[in-house]
Amino acid sequence: MRPSPSELDANASVLAYWGSELRKYREAAQWSQKELARRISYSTSLVGLIETAKRAPTREFAEKCDDALETDGALVRLWPLIGRDIYPVWFSPSRTRPCSWQPWTKPC
């Protein structure tokens, strides 16, 4: 059985807080997840996963939600905090690059 929205703990993580803020703005606009998804051109399931902290939003997702919900950039301002919460301190997703490793060369 899935927890109801009121049972989700926004204080559990930054990701959960971000999702709860998205839900707060969406509900203030009196939109369903389906309506928000339609307006930002994402799937309803992704909106639901992000609201329940099961998936991290991209910056583009945050920007589109801010534009659609007219939140004056509130979600984009919170977005950088998510990376600090879901990645280890030493990991920087912006610095990663795909590479191949071959035994006779030095690793990337």
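Trainee: At what angle do the axes of α2 and α3 cross?

Mentor: This is a predicted model, and the angle is computed from it. The axes of α2 and α3 cross at roughly 115° and come within 8 Å. Angles from 65 to 115 degrees count as roughly perpendicular, so α2 is roughly perpendicular to α3. The crossing of α2 past α3 is right-handed.

Trainee: Which residues of α2 and α3 meet?

Mentor: From α2 they are Gln-33, Lys-34, Leu-36, Ala-37 and Ile-40. Their partners in α3 are Thr-44, Val-47, Gly-48 and Glu-51.

Trainee: Let me step back. How many helices and strands are there in the protein?

Mentor: The protein has five helices and zero strands. Read from the N terminus, the order of elements is α-α-α-α-α.

Trainee: What share of the residues is buried?

Mentor: A residue counts as buried when its relative accessible area is under 20%. Of the 108 residues in the protein, 27% are buried. The accessible surface comes to about 7,700 Å², and carbon and sulfur atoms account for 53% of that surface.

Trainee: Now helix α1. What should its 15 residues span?

Mentor: The expected span is 1.5 Å times one less than the number of residues. For α1, residues 14-28, that gives 21 Å.

Trainee: Which residues of α1 are buried?

Mentor: They are Leu-15, Ala-16, Trp-18, Gly-19, Ser-20, Glu-21, Leu-22, Arg-23 and Arg-26. Some of these take part in the packing against α4: Trp-18, Leu-22, Tyr-25 and Arg-26 in α1 meet Phe-61, Ala-62, Cys-65 and Leu-69 in α4.

Trainee: How are α1 and α4 placed, roughly parallel or roughly perpendicular?

Mentor: Start with the angle, which is about 25°, with the axes 10 Å apart. Angles under 35 degrees count as roughly parallel, so α1 and α4 are roughly parallel to each other. Their crossing is left-handed.

Trainee: Which residues of α3 are buried, and what covers them?

Mentor: In α3, residues 44-51, the buried ones are Leu-46, Val-47, Gly-48, Ile-50 and Glu-51. Their cover includes α1, α2 and α4.

Trainee: What about the loops? Is Trp-31 buried or exposed?

Mentor: Trp-31 lies in the loop between α1 and α2. Its relative accessible area is 15%, so Trp-31 is buried. Leaving aside neighbours within four places in sequence, Trp-31 is in contact with Arg-26, Leu-36, Arg-39, Ala-68 and Leu-69. Trp-31 and Leu-69 are 38 residues apart along the chain, and their C-alpha atoms are separated by 9.5 Å.

Trainee: Where is Thr-71 found, and is Thr-71 buried or exposed?

Mentor: Thr-71 sits in the loop between α4 and α5. With 10% relative accessibility, Thr-71 counts as buried. Apart from neighbours within four places in sequence, Thr-71 has contacts with Tyr-25 and Asp-66.

Trainee: What is phi of Ser-41?

Mentor: Phi of Ser-41 is near 60°, a positive value in a residue other than glycine. Ser-41 is in the loop between α2 and α3. The relative accessible area of Ser-41 is 59%, and exposed means over 50%, so Ser-41 is exposed.

Trainee: Is Asp-72 buried or exposed?

Mentor: Asp-72 counts as exposed, at 69% relative accessibility. Asp-72 is found in the loop between α4 and α5. Phi of Asp-72 is also positive, near 60°.

Trainee: Which residues take a positive phi just after α1 and just after α3?

Mentor: Just after α1, Gln-30 has a positive phi of about 60°. Just after α3, Ala-53 has a positive phi of about 65°.

Technical notes
Residues numbered from 1 in each chain as written. Predicted model: local features only at pLDDT ≥ 70, side-chain atom pairs only at ≥ 80, totals over all residues. Heavy atoms only, no water. Helix = DSSP H or I, 4+ residues; strand = E, 2+ residues; numbered from the N terminus. Buried < 20%, exposed > 50% of the residue type's maximum accessible area, 1.4 Å probe, protein only. Contact = heavy atoms within 4.5 Å. Areas by Shrake-Rupley, 256 points an atom, 1.4 Å probe, with all protein chains shown as cover. Axes fitted to C-alpha atoms, helices over the stretch in contact; angles between N-to-C directions. Parallel < 35°, antiparallel > 145°, perpendicular 65-115°, else oblique. Left-handed = near helix turned anticlockwise from the far one by under 90°.
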